[in-house]
Amino acid sequence: MSYRAFKRLLGETSLERKCRWLLGAGVLLLMTGSFWAYARQTEHLAYGQLETTGRALLSPIVAKWHVRGELYGAVDDFQKQLEGRWPDALKGYSAQLIQPDSTNPTTKAGPDDLPILHRIELEQKDEEFRQAPKEDAFYYYGTIRAGKSCVGCHADPDKMAQQGAAEKANPDLKENDLMGVVRVRLSTQPLQEGFHTNRALLISFAIGTSLLIIAGSYLIIRYVIVKPVKHLKEVSEAIAAGELNIRSEIQTGDEFEDLSHAFNRMLRNLTNIQDRNKKLIADLDRKVDELARVNMALFEGNRLKSEFLSTMSHELRNPLNSIIGFSEHLLSAENLTEKQHRYAANIMTGGQRLLALINDILELAKLEAGKMRLHPEPLNPAAVCEHAAAMFRPQAEKKNIDLKVVAEAAGPSVRQDAGKLHQILTNLISNAVKFTPEGGRVTAKAATDGNDLVFTVSDTGVGISPEEQDLVFEKFRQAANPMTREQGGTGLGLSIVRELAKLLRGDVTLHSELGRGSTFTVRVAARLADEPLAEFELSDEVNGAMNAGTPPAAAPAGTETAGPG
Ligand code: ADP
């Protein structure tokens, strides 16, 4: 049987078949083995009996050869009478005297006897046996060694003649010499027949018992083991098909019944969990609906916010531009008193601050909406840095601040949004110049670091305390330091810087020491992906008005649209 067939038979078949075959084969093997051993032992014992028989026959045979005359007839009769009552296995034996060096055909050793005689002579044995299965015979060889009386007679020719012996006297005969070997032939046919019957019976019993055990085990396995298992399988299939109310019913009072109870308990738990899940799903559905409603409301809110920002931009910026424009105009008039001039200057600065605040709020709203448009283009970071710093040189000179730009030459693969970088740098440089006292130093650096562009703006200004270093990036937050408070500002610049840095795939970090200065480091991707982000939904008017941090020019004097009176 091939390995596959064997595996299929025992490994990949039903439990019933597996048990039946394994048990049947095991029992058959066991019984065959034990019966075979038993038969061997019995046969050995039977052959042992043949040896004993040969041994027992030796003496009467030799004795009968010494009987002569009338006595011989009587002994022979008596013997035949006795042997008539013997069992069949013993009847028909024959005996022959064999003499080692005899040339007489009646006592000469046959070819099968020679090795035996040789062994007897060499090993000084008293008896030997030989089986001849072809002849259905068993041969017993018993030695006759010369005793005192034997020598007295067989060595003396006269005595031999007196006894009428056919055999010649042997004057050299000494005590214990080998005089001959008696070969007794016993038929093994009745024994063999007995063995055959015995074997047939044993094999039949082995097969019969194995079959009975297979049948018994089949019934036990089928009705005690497989039936409940099948039932459990049917119930599981019904459950898998959606019939959750079905339950297993096994009443065998054994472990299968326990299993069935455990199975039913598990089912009950499952249905409970399912009910709970159904409720949870219903809850979840309700929440999703709610969320959708809230989302819609948020969407609507967002739309309203955009509308509001657009309106605010339009409604505030126009009059503000007029206010700033006309106050500028007023300031240039020559007939104003000193007080009037101061008032006009106040109007202009207030208006400019308000405009900057509106611009910052709109800018942040646009960034936080995450829909700011990017314009990646090849650029030179050094030029961007220089351009931003140039805007603050007059202010720096006024305060006698040393404003320096240090820039490494960047590779040709730089692609960034120059406008946004400009916005970041102007915010940082403006702060640095603003918060650095007279005679200080502000340095703007541009460098490349692997796949990043790194801009640092450091100053020797007032610095920011450690606990405020995170806060300053939040909206409308300013450091508590009175020296920075004096400078005014909206508190939105750094929030815008942080959002812009994120937008350019980077971040901004701050290192500062109170009283010693601050360093802002902006790290952005050196190469922006080409795909533009979605557009912010503010009106074009708003977008146009909020270009890259540069405050829109004040409305020229005499603007008709929103001019005073
Ligand atoms: P604004 O400058 O308009 O107040 P920012 O968001 O740009 O708003 O800055 C927030 C605050 O962070 C500032 O008010 C100031 O207190 C602090 N700050 C920013 N930059 C510096 C700097 N270079 N040195 C010291 N303090 C700074």
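**Figure 1. Helix 12 supplies the largest share of the shell around the ligand, namely three residues.** The structure shown in this and the following views is a predicted model. Helix 12 spans residues 418-434. Helix 14 (493-503) and strand 11 (517-525) likewise each supply at least two residues of this shell. In total, 22 residues surround the ligand. The closest of them are Asn 431, Asp 459, Gln 478, Ala 479 and Leu 494.

Figure 2. For Gly 493, a backbone N or O atom is found 3.2 Å from an oxygen atom of the ligand. The ligand taken alone exposes 530 Å², and the protein buries 97% of that area.

**Figure 3. The second largest pocket has a volume of about 1,100 Å³.** Its lining consists of 36 residues, and those closest to the centre of the pocket are Leu 97, Gln 99, His 154, Glu 167 and Met 179. The residues of this lining comprise 15 nonpolar, 13 polar and eight charged ones.

**Figure 4. Helices and strands both contribute to the lining of the second largest pocket.** Helix 5 (148-154) is among the elements that each supply at least two residues, and helix 5 gives the most, with four residues. The other helices that supply at least two residues each are helix 2 (15-65), helix 4 (114-123) and helix 6 (157-163). Strand 3 (137-145) and strand 4 (178-187) each supply at least two residues as well.

**Figure 5. Cys 19 is a residue of helix 2.** Is Cys 19 buried, partly exposed or exposed? The relative accessibility of Cys 19 is 23%. A residue counts as buried under 20% and as exposed over 50%, with partly exposed in between; Cys 19 therefore counts as partly exposed. In sequence, Cys 19 and Arg 222 are 203 residues apart. In space, the C-alpha atoms of Cys 19 and Arg 222 are 10.0 Å apart.

Note on methods
Residues numbered from 1 in each chain as written. Predicted model: local features only at pLDDT ≥ 70, side-chain atom pairs only at ≥ 80, totals over all residues. Heavy atoms only, no water. 1 Å grid on protein atoms, 1.4 Å probe; cavity = no way out; pocket = protein on both sides within 12 Å on 5 of 7 lines; lining within 4 Å. Points joined across faces, edges and corners; volume = space filled by probe spheres on them. Nonpolar A, V, L, I, M, F, W, Y, C, P; charged D, E, K, R; others polar. Near = heavy atom within 4 Å. Polar contact = N/O pair within 3.5 Å; in protein donor to acceptor, adjacent residues only side chain to side chain. Areas by Shrake-Rupley, 256 points an atom, 1.4 Å probe, with all protein chains shown as cover. Buried < 20%, exposed > 50% of the residue type's maximum accessible area, 1.4 Å probe, protein only.
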